[in-house]
Every structure is written in C-alpha cells, then in structure tokens.
Amino acid sequence: MLKYITKRLLLIIPVLIGISLLSFLIIHLSPGDPLSLKYGLNPEISPQAKEYMNKLYGLDKPIIVQYVEWFKRILTLDFGTSFIDDRNVLEKIKERLPATLILNILSLILIFVIAIPVGVVSAVKHRTVFDKITTFFLYLGFSMPSFWFALILIYIFGFKLNLFPISGISPWYLEFLSPMEKFLTFLKHLFLPLITLSLLGLTGLAKYTKSSMLEILNQEYILMAKAKGLSAKRVIYIHALKNALLPIITIIGFAIPGLISGSFIIETVFSWPGMGRLAYEAIMSYDYPTIMGIGIISTFLTLIGILISDILYAIVDPRIRV
Amino acid sequence: MSLKPSCQEQNKIIKISSVLRNYKKLNNQAPLLCVAVLIFLLGLTYFTFANDTRFCGDSFVSGDLADARVLVPFLADDTASASICGFIFSGLTKIDKDLHVIGDLAESWDISEDKKVITFYLKKNIFWHDKTPFTANDVKFTFEQILDPQNKSPYGSNYKNIEKIEIVDPYTVRFYYSVAYAPALSKLGVGIIPEHICKNKKYSDFSDSPVGTGPYIFKKWLKNQFIMLSANSIYYEHIPFIQQYISRTIPDQSVQFLELLSGGIDQASLTPDQYFYRTNQKVFRQNFNIYKYLSLGYTYMGYNLKDELFADKRVRQALSYAIDKKRIIQGVLLGLGEECSGPFSKNSEYYNNNAETYSYNKEKAMQLLNESGWHDINGDGILEKNGKKFRFTLITNQGNKTREDIAVLVQEDLAKIGVKVDVRTIAWSAFLNEFIDKRKFQAVILGWSIPIDPDCYSVWHSDNIGGNGLNFVSYKNEKVDELIKKGRETFNTDMRARIYQEIHSLIADDAPYTFLFVPYATVSISKRFRGIAVEKSGIYYNFIDWYVMPDEQKFNFINK
C-alpha cells in the first residue's frame, strides 16, 4: 500500500508539469495581451511606455523561456506578482481563500446531509408521491439559473422581508460591533449565499444517490437478504446503502479542488470576496501570473483529491484492492 | 500646528441657517409667532453656548462596481483607484468646479518668459496624515519616482519633457521643461506622495496603507469588500464634515440598486433603465435625490481615411448628416445624453458652439453623395460609383451593449440613403491588436474620455498616424497640426480657447468622425446629504462641504 501511494505521489510531478505547460501555452497564445487591455486606447499612455512595460514584465521573450522562468520560480513557491496591482499572487490568493473555503465547506456539508437522505428515501419509495415531488424539485433546482435564484432570494429575504443583508460578507462598521454581534452579522451574511449554493448543489448528488440506490436495490443479494428474513430497515440501511455510497467517495475526491474554486456567479451577485471573482478578474485582464497561480494550485488539489478517493476506495471496497 | 477653520466654526454658519429655516416654517402659522420667536431666541442661546460638533458626523457609503487596484496616484490606471486616490492625496494643482486649474498644494505659480520654467510656491501649513510637514522635497521625489521606469508608472510620458526639478527652498520648487508645454499645469496635479515613507517602501506595500495630504485619511481596506477613509482633522481647507467615506464593492448593478433602496449604501450610479423605470417608487422619491450631469467622454463613429471609400470629405459629411443622432440618444440612452460636434468638453471654453453639428438631414446627405459621384444606377437601393457598391463594415468591441445598439441604428439610418453597412463585433483585445493597431478596418464605433486639458495631440495630430498611435483614422490636416502645436505652447486660457475652438470647427468640417453623443452621468444619493450642487465638473468637487443634519445622521455610533 505504501509503495502504491509513493508511486502515485511521484506520478503527480510529470502530470503537473504537463498540465501547467499546456495551460501556460494556451493562456499565452490566446489573442490579446495584458498591456493592450490595460493601456490600449488610453491617450495618456504612449506606445513606447507600453513597449517598455512589455519588456519589464518579460513578455517579449519566447514563450518557452517564459515558461521555464515561471517554473523555476514555482519550485521555490514564488508565484510571481500580479500584473494588475503588482502584489504577490500567493498573498492575493490567501486573502480570498477564507471567504471561499467557509462557504464551500459549509455548503458541502449541507449538501451531503440533505442530498443523501433525500436520494435514499426517494429510491426506497420509488414511484410514490414523495418520490414524484422530490424529483420535481430536484429537476427544478437542477435547471434553475443560479444568478436568477440568488437574485430572487435577495429580493424576497433581503429586500422585502429585510431578514438578511443583501450583499457582502461583513458590514464596514464591523469593528464597532461587539464580538457577539460580529458573529451574528457574519451568520446573517452567510445565510443567503449558503442556501443558494447548497440548494442548487444538492440536486446532482441527490439524483446520483437515488439512481445508485435503485440499482443496488435491484441486485440479487438484496433479494437474498430479504428472503433470509432480514428486516426492511436492515436490508436498506446496512446492505444496500453501504454499497450505494461507494461511488460517492469519488465525488468527495472531486469536491476537494472544488473547495477552493469559488463560483463567479454567486460571488458576483452576493458581492462575496472569493476565489471565483479573483480568477475571473485575472482571466479577463490577462493577468498571467495570477491565472497560473490559481491554476497550478487547483490542478495540484485535483490530483491529490483523485489520489485520496482512490485510496479510500481501496480501503472500503475489498474488491478493488490488489 | 493650528487647526484650520474648524468644524465648529463651519457648523455655526449652517446652524444659523437651520434655525432661520425653523423660524420661517413656524411663521406661516400666525398664532404661533410668539412661540416661534421664543424658539428662535432659545435657538440663539443654544447656538451661543453650544460647543459641540453636531454637523460633523455621519458616514457616506458609496456603492461601486469594481474595487480599487492600487492606491498610489501615479500607478492608478482605473477609475475606482483614481477616485479613492483623489480623497487621500492632493497634487500641486487641482480642477475646480468650472473645470479650471487652480492651486491645491501650490499657493501660486510663475511661468518664465520663455514658458519653459514653472515655479510653484507651496502652501506652508500642510502636513502629511502622519503629521510630518509637507515640503518641496516631496514634490521633487514624486516626479522623480514617476519618471523612473522601474516604477512602471503608465503616465511617465506625460512628464518626459521635464529636464530638471529644482528645490529653491523648502516651499518653492521649479520645473524646467525642454519645450513650452501648457498641459503641464493640469498634469502636475497628480497626487504627491510622501518621500519620508516611500523612499524605503515598496509601492505594493505603500498601496496597502497610503499616506497623503488629502481630505481623508486611509483607515482600512478589505480587498473586494470595502475601503474605509476617515476625515483628516488637519486638512488645510477645513475638516470634511462627513466623518467617514466608505467605498463598498458591489459588482452587480441590480443588487447595488437593492442595497441603495434598503439603506446599505448611500450612493449608486443609475443605468438609463433604472433612471426611468425604477425611480418612480415612493420609497425612492422620499429618500433619494438624483443628480444628472454631462460625463467627461463621448462616443463617435470613426472612418478610416486611408480607405478610398471615405477619402472624399463630402462622403463623410453626407454620412454624418444621414445618421440621426437624436434617435440614437433616445434609443440607446433613453435620452440621457447630449449631441456633440467635437472632441472637447461641452462645459469648457474650448468647445465651439458654432461648429457644424450635422443635424439629421437626409436630403442634404443625398445631395452630397450625388455630388461626389454616388448614384443608385441599377435601382437596387444601394448607391454605386464606377460599378462599385457603397458598402462597408462597421466594427465595434464586443460586450458593450450601447455600442452594439448604436451600430444597428446606424445601419438602419444609412440604409435609407442607399449605403449598405455590415456590422461586426469583436472581442476587445483582438479588436485592438488585429483591427485598430493594424488599421485594418473601415469604420468603427468607439468612445474617448475627455481629459481636463484640451491638448489633443495624441489623438488628432498627424504624428500619431504611424505605429500604434491613437490617430488610427489617419486624420491629417496641416492647419490642425499647427494649431495643436500652438495650443501646447500657449498658457493663456483665452488664447487657448480661441485655438481649440478653431481646431474644433476644422475637425467638425473635415468629419473624420461622426460625433454622436456625450452621455449623462446619473447618480442617486441619499437625501440626508446636503450641500450638493451640480456644476460643470459634476458634483464631487466640494465633497468636504457636504453635511448631514444632526437629527438625520445615521452612523453616529462610530464617533462615540
């Protein structure tokens, strides 16, 4: 097992190089460049100044040279400085990470807590009224545009009923509040984005659980367990559920990189200062160092996530172990 | 250091007027006159003995679509950063309500006989926010920093004519220019930075805790959430009445509007749609004022003069006559804009009101086209000349809904005179690199912002036709070239006005652009803020004089 893990860990290195090289090339070869975007058609800025800055940022060198330089820096965990504001990329990511992490972790928990029971129950009560109602809502949630749903929530609960703040993560007068008030306003600010993210996020998992559960319930060993005279509860929750949840491990693995990659749409509507907007702004302004920084971190986490789910699989499912 | 005209003194003036207002109100009810007089007297006594700072106070929360990027004046290249820098820093000069250059940190200045040397006499009682005195050293330091390419200031070329900066004494500084350069006075208005802090600090660090001499002191910046500034009690004019200025980043415009209505922010700019259809609600009317003023920018349709289709001046004039600007303003801005005929601010003395405006005239357009040899010979509705159809491609950048809509309206208007227009929208960077920079376009819809100084060398002088210069329509008129040079060397405002008015009418006559409109800025601000008046430069020129009546103040818990 240890040998297997080491081998997999070592395998991450070439994959990481490959992916980073590929994304570096794609970003740099896409039409447009940071400087013409920033200073193009600005009468205050002379073309010479633009050229000089091109040199200063090293954008005049061949792409491969730029990549090698970038890679050398990454090895020392130096992600470079952003083209937008000259600040350290890692600093910028660190600044945004907490807001995204807290929202994503809480919503992930909420999603699992709600989606799995909903999926299981609607599979067990397949084709009953309960099943039909939940299926209806799951499809509704699945097909609803998130920005629209978010705006409706803001309009009703934030604006009309005045129960929750409309946007932001904390009020600007936070420092004048007592610790208890601080905590309460934070919860209030968290509520609407969390609900939006969770309600829309749980539909996929619930449907996944349902279909996987339905498949297991039709297996012969379930029939066998029933024939043996086991109670329905035991059959469903011990024999069926255990097997139905196996594929969920894969989802957990993939959820790990998702934790740091915020949602641009939700963050924009709720003015949430998270990773999604950082990445979006970086992409829109051709801020190569920031794009690559975020890219490499999420690639790394994806690879680790896959590894973790593979290992978990091996632990829980004896059939896979070699 | 002395506290300049203080909050208390200023408050007295406002207080008297408020007492008088109360008195007048009561006076309408004759039987209550006695009471009124009594109250008035009481008010007077109160005013005499009271020594509070009631009119100072409250916070102003602005909702902004984007967060600032860098709070260093000479690095700020986006509107959000520039506007926050304006509160924290002051420059040698500034722009007053009538768009004129006046002294800010400079008390006055002299211009030498040959106009190449400008001597600034600095105000003597100015302190940095950390209470260090401000001197000529800071001025010299700032411009040396801008000119040092290592600091990546995009504005370096504005100051490249400076040969030498000399400190005559701690409060006198002299700029030696290699040529006479009139725009210098407004360009030297860039925010001055403190030498004692910046000389051993990286600008990315300074940007996180900027120190200036401006009316507001930097307090706190949570990236992409808010920036908080507080009133500078040693500001040289007087302490700003509003104690905090907060800029909240709210990237979605409809959410911004909901925040405004529910009191989360005090100021938001309105889209034309919101202006007409969302501000009729009672809640809005009761709580907000709307301010409308011309913004400093214009939208135009430019013709590539290197394209033989547009080489004839009469053709360009005809197209200008054929485009119904009123309809475009109505259609895309719901009327929130004004027609314009030249590249200068309509509020300045440089704008020539007698220049040709090309008001909509289909017949005249037809006549001009016929004169220049375009006729619809085969009767297919499209004009021909020498067997060639009058057909061209109009491009604009993707994602700008206003410009895309204008293109469609122009297409419709020109179809009426037999000109076929194909519209293409192209993503911004490809649009710049592949079409504008390479001059591979026929006609384009774009906008320019209007700088405070009328100098238009970079856009209109024929020197900038080549390379990636901004004169991408390749406009060349020797008279205009000469006048632009002359305008740069003339400091006298009246003489400059004559020069630029002439440039305006020459450009209007040559019609390399069809000037379309100057949009209005529409801003709604909570009614509790008083002292706001629309002037030529907008409304923010006197922000430090805005105030809130004591009984209306909302955020007073902060001063406790």
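Predicted model: local features only at pLDDT ≥ 70, side-chain atom pairs only at ≥ 80, totals over all residues.
Two residues count as being in contact here if their C-beta atoms, placed from the backbone, lie within 7 Å. Setting aside its neighbours within four places in sequence, Leu229(B) touches Phe87(B), Ile88(B), Tyr216(B), Ile217(B), Phe218(B), Lys219(B), Gln244(B) and Tyr245(B).

Leu229(B) also turns up in the largest nonpolar core, which has 111 residues. Together with Ile154(A), Val72(B) and Ile88(B), Leu229(B) touches the most other members of that core. The biggest contribution to this core comes from helix α5 (residues 89-124) of chain A, which puts in ten residues. Apart from it sits another core, this one of 72 residues, including Leu41(A), Ile328(B), Ile499(B) and Val518(B).

Now for where the chains meet. Chain B brings 46 residues to the contact and chain A brings 43. On the chain B side, at least two residues each come from α7 (203-206), β9 (226-231), β10 (244-249), α8 (253-261), α15 (428-436) and α16 (457-460). Sorted by class, that side of chain B has 23 nonpolar, 16 polar and seven charged residues.

Within chain A, helix α9 (residues 220-227) packs against helix α10 (residues 232-244) at an angle of about 145°, their axes 11 Å apart. The crossing is right-handed. Ile222(A), Ala225(A) and Lys226(A) of α9(A) meet Val235(A), His239(A) and Ala240(A) of α10(A), giving four nonpolar, one polar and one charged residues.

As for confidence, chain A averages a pLDDT of 89, and 99% of its residues score at least 70. The chain A mean is lowest in helix α2 (residues 34-39), at 78, and highest in helix α7 (residues 146-160), at 93.

Conventions. Residues numbered from 1 in each chain as written. Chains lettered and ligands numbered in written order. pLDDT = per-residue confidence, 0-100. Helix = DSSP H or I, 4+ residues; strand = E, 2+ residues; numbered from the N terminus. Axes fitted to C-alpha atoms, helices over the stretch in contact; angles between N-to-C directions. Left-handed = near helix turned anticlockwise from the far one by under 90°. Nonpolar A, V, L, I, M, F, W, Y, C, P; charged D, E, K, R; others polar. Core = buried A, V, L, I, M, F, W, Y, C linked by C-beta atoms within 7 Å. Buried ≥ 20, exposed ≤ 12 C-beta atoms within 10 Å, placed from the backbone.
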